[in-house]
Amino acid sequence: MMNDRVKQIVAMGGGGFSMEPENPLLDRYILNLTQSETPKVLFLPTASGDRDRYIVRFYSAFLKFPCIPSHLSLFNAPLADLRSLIFAQDILYVGGGSTKNLIALWKAWELDQILREAWERGIVLCGLSAGSLCWFESGVSDYLNNGEMAVLQCLGFLPGSHCPHYDGEATRRPAYHQFVEQSRLPAGYAADDGVGLHFIGDQLSAIVSSRPDAKAYRVKKIGDSVHETPLQPRYLGDSSIQK
């Protein structure tokens, strides 16, 4: 259990309740990062267009944990003061979907600024897919209508680039290598589905996984070529931190 005043982000390449409904290891890990026995968890399903089924799945999963779940919909104009709502939480959990739309809508509501303040206050930020990519300077996204991978500029809370779903989608790895080789993306981290990159401040502090064989990678350009270094996560199935 960590000091809740520490700036923390858990960026999941994929996983959590929406991808692994029968495997709660990553979600439990996140819940254990606060000092609260019943942390308040706010789900932000913006990237999915606040899809009702996604929100229902969140509640179905988190009502089983010792926590207080709620959600924020920007497509149905919130009545509450956003800053007060956000700052009352222990964990902000961002779902998957369109990262490009997520960033545009957050900036329109000035939510990006509020989330940075929340992070600086020690509220845990986390998410998968779009909810992982959004925190970095830039990364690999499939926002184009033709489904091709493209470079996307993100919020920049964390330095460098990111590629989620590294083993889950066949075009991710070659696209990431190409963009780094072309210097269109800076060096960064890739994460397989089931892998969580746990940052304290802007430094990678731990790598955890809900799947025994999943990995993370450091990807950077050296000279004229791209180098990929595997990073072995700690498999949470063998962890003693579970509640």
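Colleague: Which side chain does R83 meet in a salt bridge?

Modeller: This is a predicted model, where local features need pLDDT of at least 70, side-chain atom pairs count only at pLDDT 80 or more, and totals for chains, interfaces and linings use all residues. Residues are numbered from 1 along each chain as its sequence is written, and side-chain values use heavy atoms, without hydrogens and water. A salt bridge puts a side-chain nitrogen of Lys or Arg within 4 Å of a carboxyl oxygen of Asp or Glu. At 2.8 Å, N to O, the partner of R83 is E117.

Colleague: How many residues apart in sequence are the parts that R83 and E117 tie together?

Modeller: Helices (H or I, at least four residues) and strands (E, at least two) are DSSP runs, numbered from the N terminus. R83 lies in helix α3 and E117 in helix α5, so the separation is 34 residues.

Colleague: Is R172 buried or exposed?

Modeller: R172 forms a salt bridge with D142, with closest N and O atoms 3.7 Å apart. Buried means under 20% relative accessible area, exposed over 50%, partly exposed in between (1.4 Å probe, protein chains only). D142 is partly exposed at 35%. R172 has a relative accessible area of 3%, so R172 is buried.

Colleague: Which residue stands opposite L197?

Modeller: Two strands pair if DSSP finds at least two bridges between them. β10 and β11 are antiparallel over six bridges. Two residues separate them in a hairpin. In β11, the residue opposite L197 is I207.
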